[in-house]
Amino acid sequence: MPGTGTGYGPEDFAAGFGVSRETCARFARYEAALRRWQRRINLVGPSTLGDVWRRHFADSAQLAAHLRPGARRLVDLGSGAGFPGLALKLLRPDLSVHLIEADARKAAFLRATAALLSVEVAVTAARIEDIAAGPARPPADIVTARAVAPLPDLLALASGWAVDNPQFLFLKGQNVEFELISAAKCWNMTVERIDSVTHPDGCVLSIEGIARAET
């Protein structure tokens, strides 16, 4: 597990996730862009800027090991600064990645950074619920989210993609047990809980077969 201090950097990231020198250089450019834009808009918590490689890059990268085999289309909900969706695109260039972010300024950051990194991603500046319920909903094999909403609300937002029978991969923190209990009251689902490699209180939820519970 990456350490919890600020000494975790590019070399640790490359070794921990088998990242090539070229890809690691792209992540370094990503970090530089994040720091430049952070001066104008709040992309990430200021306290996390001293630990970007662990708190954001490694936290996102850990999902790559849990992607459903054969997955090709990934939709990231509430992408913010691109975690985890844009980071996963750097690690898995074969994926078709669609980032959904309601904040127009953050969406502009995502487009500019993707161009800077020479990766092709689709970016939609809209609310998740508006896309999920409409004809513009992009198909997905994988749906990801980090720090978007408590699990019951997140499942409601993501449920529009249930028709594709995707794998939902959500990064969650220390309140996950309470969120799972709350979600089970209104949702049927198959859940695998995976310990986070970046935080002792965090986890990855791999969820399939979501459907509203009968009341």
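Tutor: A salt bridge is a side-chain nitrogen of Lys or Arg within 4 Å of a carboxyl oxygen of Asp or Glu. This is a predicted model, in which local features need pLDDT of at least 70 and side-chain atom pairs count only at pLDDT 80 or more, while totals for chains, interfaces and linings use all residues. Residues are numbered from 1 along each chain as its sequence is written, and side-chain values use heavy atoms, with hydrogens and water left out.

Student: How many salt bridges does a search of the whole structure find?

Tutor: Side chains of opposite charge can pair when their charged atoms come close. Here the search of the whole structure finds 12 salt bridges. One of them joins the side chains of Arg68 and Glu208, at 2.9 Å from N to O. Arg68 lies in the loop between H3 and strand S1 (73-77) and Glu208 in strand S7 (residues 203-212), so this pair ties together parts that are 140 residues apart in sequence; helices (H or I, at least four residues) and strands (E, at least two) are DSSP runs, numbered from the N terminus.

Student: Which residues are linked with Arg72 in a network of salt bridges?

Tutor: The network links Arg72, Arg92 and Asp94. Within it, the closest N and O atoms of Asp94 and Arg72 are 3.4 Å apart.

Student: Is Thr48 buried or exposed?

Tutor: Buried means under 20% relative accessible area, exposed means over 50%, and partly exposed lies in between (1.4 Å probe, protein chains only). Thr48 has 5% relative accessibility and therefore counts as buried. Thr48 sits in the loop between helix H2 (21-38) and helix H3 (52-61), and its side chain makes a polar contact with that of His56 at 2.7 Å. For a polar contact, a pair of N or O atoms must be within 3.5 Å; within protein, one must be able to donate a hydrogen and the other to accept it, and residues adjacent in sequence count only if both atoms are side-chain atoms.

Student: Which residues touch the most other members of the largest nonpolar core?

Tutor: A nonpolar core is a set of buried Ala, Val, Leu, Ile, Met, Phe, Trp, Tyr and Cys residues joined through side-chain atoms within 4.5 Å. The largest has 45 residues, of which Phe13, Tyr30 and Phe109 touch the most other members. Its largest share, 6 residues, comes from H2.

Student: How many disulfides does a search of the whole structure find?

Tutor: A disulfide is a pair of cysteine sulfur atoms within 2.5 Å, and the search finds 0. For Cys186, the nearest cysteine sulfur, that of Cys203, is 18 Å away.
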